[in-house]
Amino acid sequence: MLALAGSAFAEQEERLVLKQLSGNPGGSLKYSLRSEPKTLNPVTATDAVSKEVIQRLNADLIHINRETQQTEPALAKSWKVSAGGRAYVLELRRGLRFSDGAPMDARDVVFSFQVYLDEKTHSPQRDLLILNGKPITVRQTGTFQVAFDLPEPYAAAERLFDGFAILPRHVLEGVWKAGKLADAWGLGSPPSQVVGMGPFRLKEYVPGERLALERNPYYWKADRNGNRLPYLAEAVFTFAGSEDMETLRFQSGETDVISRVGAKNFALLARDQAQRGYAMRALGPGLEYSFLFFNLNDVSHLSLPQVSARQRFLGRRAFREAVSRAIDRDAIARLVYLGYAAPLAGPVPAGNRAWVNGSLPKPAPSVAAARGLLAADGFSWSRDGALLDPAGARVEFSIVTSAGNADRVQMATLIQSDLKELGIDAHVVGLEFRSLLDRVLRTKDYDACLLSLASGDADPNPDINVWLSSGGTHLWNPGQQTPATPWEAEIDGLMRRQMVELRYAERKRLFDRVQAIAMRELPVTPLVSPAILVGARQGLGNFRPAAMGDHVLWNIEELNWQARPGGAGR
Amino acid sequence: MNYAARRALQAVLLVVAVSAISFALASLAPGDYFSEMRLDPRVSAETIAALRAEAGADRLLPVRYVRWAASFARGDFGVSLAYRAPVAPLLWPRMRATLLLTVVATALAWLLAIPLGVWSATQRSGWRNGLWNAAFSILLSVPELLLAILFLAFAARSGLLPAGGMTSPEFAGMGAGAKLGDIVSRLALPAAVLALGMLPVLARHVRAAMIEAMDAPFALAARAQGIPSRRLLFHHVLPAALNPLISLFGFSLGTLLSASLLIEVVMGWPGLGPFFLNAIMARDFPVVLAVIVFSTALLAAGNMAADLLLYRADPRIRFKT
């Protein structure tokens, strides 16, 4: 073992050289997180804030470039696919070292995937490595070579590797064998024990206040001049607690970068950006989208007579289409997002350039068309203008949404107003978020729900459980034993086909069809996709915000302070 | 001694009752820590079920309470579901930050309230009385939250004081004086908001107690004997007015952990407030329960301290008990 370790250490370092890149070394970047991260353990982290920090401390084998949305080599310098997409052989970079100086080789990779696949560690990422009920297997085929065997072909399997941090076997193997890995790398861990392959390593954690990272001197990327990245000497994450506090800190100069700003705060910051020395940028829609969906669950066994009664009209396709036609998405974009949002024509946002079905017609609100659809389906109106379902009952239902999210409540209120034009009495009910999820996913005690989701990846495969009728996040009717409707059966078939199809064009054709069926049947009424709104202090070089991920720090190793007139970088 | 023991037993029973009720209410709330994970299409229902089982969330409520209470009694406050770490080391630094803020704010409020209350008690008519009443009525009616927002807006606009946090990122490299200055500059706004929030209530109590004592026959007799008014006020009337103020002081002590929670959240002070709020939102019940039990214990201790002080200060209470 020692000999192997020695040989790995002696290897010439195969750094990834970014040929277009240049910048100035040194300086510190201050960034505020909306809340405190909960852990630095990449195996067990579930919250987005923890992952935002963990990604700065770790690296993966193959990485999805957040700007191009395509995969690119990372710790693996190349890979080969064979056996009809079932076998992947990855060639690792040689001579790389973890942030504590210990060498990295194939044994660390095998160890990492053993940990992720270990049922006892309960890693939320484990499910990504299980295809059709069978796990992916990993084996070492050389000091710097690993082979992954998939139980069945999986489209874009190389995207799976993104986000799987390679763990230091020399630090964590003992902890894992003792069954304590899930508890390792908490925030209180000594910095020297938190070891990774990312551009930074842990320097200091001050509970409730901030987490400071310092430059990893062994990082494996370099710029065109051969300078080792990252340029920044330090990255400091402060915990703001709310978007408003993040805005205040950025405005007052306490932080250098801001991301995920709401439209109102964006407008506020943009007003005096020149005087305060920062620049705000609106990037257009990203991967987040908001939607309204109806309760299409079979509730006959749940003693929910009122929901069951309302499903008589909620379950009618013409009713859902009429609702969709009545909603003025442009007004939502204009009033809720001050114009920083794009109306959605389908269930995939425009920010997902590779997968959006561009042939879906743009939504045009029309109360007359909506009334026509309802009339043709047997609905009628009472003398006072109230809509009556084909059985003669008043059409009245509630829209539940997250009370803590002002944008969603406002969207629901606008929809309520639009539906009034059809004679529909919709009630907006704000619920605390977990109570809302409990209703939607467990008790099924709701009529309609307004939610927003942000896909973690542009590829449709990670979201497959949204589309499959058996999926737990098939929100309108999750966990079906057999598809409840023929169109859900058709979507199931199409999604399963695209999942194993290796040619992008064919996958795109299949997924376009899924989107078209979804827009025909409208179990989900897509609303808008908010624009990505970010800002950075002037002089921050290589700042290229992207639609995916955390938008602004994806290339933190490239960020640098440029010399400014009258002074050096920060 | 019997009195102190009886009060201590009552305090323990109060803490047990509050913990049981909080535990039951927390468990009955819809959703749990793992609910949000169900919205992640990449995580299977089986994984979520395994995580719930590992955390003991699938056990019966009484079983969970007994296990929790037993471990709490041993000084083990449980493991945070969100942080996957013992609760106690997560609590202490935040509790220190909260106590720093509330002790400073409470001391500031009392230091201002006593002289202002005493002075106003001597101004019972005329324009000074009207001014005093108007100023404190306005201050009493302005919510602390609004004050916090106004102060934050002032900090952001003027740049004179930092907005949020307890120390700056450069804190570790500072000298002792600079460190103190850094903390004071960040403490100033939340402490001022809290102190201004407490001030009108305390000053009005001091004034009322002083007026009552000043109208007592002993004070009239003392005045008739020609005792100077300053000596009369501070040496004779103020001690006689102490009883309600001691109760109020005990309450101030008891709320040291809970008085500032909302202000901490709004003003970004890294104390128990943001930690507690996040734990509630995330249904991280071991953290929520620990904060509630500690706050209740401190409230009970504050009240007990007030009772014991009254017992010592007022012979009538000693006689009755």
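The structure is a predicted model, in which local features need pLDDT of at least 70, side-chain atom pairs count only at pLDDT 80 or more, and totals for chains, interfaces and linings use all residues. Residues are numbered from 1 along each chain as its sequence is written, while chains are lettered from A and ligands numbered from 1 in the order in which they are written.

I shall begin with the domains of chain A. The domain assignment gives domain 1, covering 16-239 + 538-561, and domain 2, covering 288-529; such bounds come from an automatic or database domain assignment. The centres of domain 1 and domain 2 of chain A, taken over C-alpha atoms, are separated by 36 Å. Where they meet, 11 residues of domain 1 are in contact with 13 residues of domain 2, contact being defined as C-beta atoms, placed from the backbone, that lie within 7 Å. The side of domain 1 that touches domain 2 has seven nonpolar, two polar and two charged residues. In this classification, Ala, Val, Leu, Ile, Met, Phe, Trp, Tyr, Cys and Pro count as nonpolar, Asp, Glu, Lys and Arg as charged, and the others, Gly among them, as polar.

I turn now to the sheets of chain A. Helices (H or I, at least four residues) and strands (E, at least two) are DSSP runs, numbered from the N terminus. Two strands pair if DSSP finds at least two bridges between them.

An open sheet of four strands in chain A has the order β5-β6-β10-β9, with antiparallel pairing. Its edges are formed by β5 (76-82) and β9 (137-142) of chain A; each has a single partner strand, so one side of each is left without a neighbour in the sheet. On average, neighbouring strands of this sheet are turned by 20° against each other, direction ignored. For such values, axes are lines fitted to C-alpha atoms, for helices over the stretch in contact, and angles run from 0 to 180 degrees between N-to-C directions. Between β9(A) and β10 (residues 145-149) of chain A there are five bridges in the antiparallel sense, and Val138(A) stands opposite Phe148(A) in β10(A). Helix α3 (residues 106-117) of chain A packs on this sheet and touches β6 (87-92), β9 and β10 of chain A. The direction of this helix makes about 175° with that of β9(A).

A second open sheet, of five strands, has the order β22-β21-β23-β17-β24 in chain A, with mixed pairing. The edge strands are β22 (425-431) and β24 (524-526) of chain A, each pairing on one side only. Neighbouring strands of this sheet are turned by 30° against each other on average, direction ignored. Strand β21 (residues 396-402) of chain A runs parallel to β22(A) and is joined to it by seven bridges. Glu396(A) stands opposite Asp425(A) in β22(A).

The peptide bond from Leu229(A) to Pro230(A) is cis, with omega near 0°, and Pro230(A) lies in the loop between β13 (221-222) and β14 of chain A. Trp185(A), a residue other than glycine, has a positive phi, near 55°; Trp185(A) is placed in the loop between α4 (169-177) and β11 of chain A.

Chain B has 14 helices and zero strands. Its C-alpha atoms fill a box of roughly 85 × 55 × 40 Å, taken along the principal axes. Helix α7 (residues 176-214) and helix α9 (residues 229-240) of chain B pack at an angle of about 105°, with their axes 8 Å apart. These two helices, α7(B) and α9(B), are therefore roughly perpendicular to each other, a term applied to angles of 65 to 115 degrees. Met210(B), Ala213(B) and Met214(B) in α7(B) meet Val237(B), Leu238(B) and Ala240(B) in α9(B). The residues of this contact divide into six nonpolar, no polar and no charged.

Finally, I come to the interface. Here 46 residues of chain A are in contact with 42 residues of chain B. On the side of chain A that touches chain B, the elements giving two or more residues include β11 (200-206), β12 (210-215), α5 (243-251) and α13 (433-443) of chain A. Of these, α13(A) gives the most, with five residues. The residues on this side of chain A divide into 16 nonpolar, 17 polar and 13 charged.

Definitions and conventions: Two residues are in contact if their C-beta atoms, placed from the backbone, lie within 7 Å. Angles under 35 degrees count as roughly parallel, over 145 as roughly antiparallel, 65 to 115 as roughly perpendicular and the rest as oblique.
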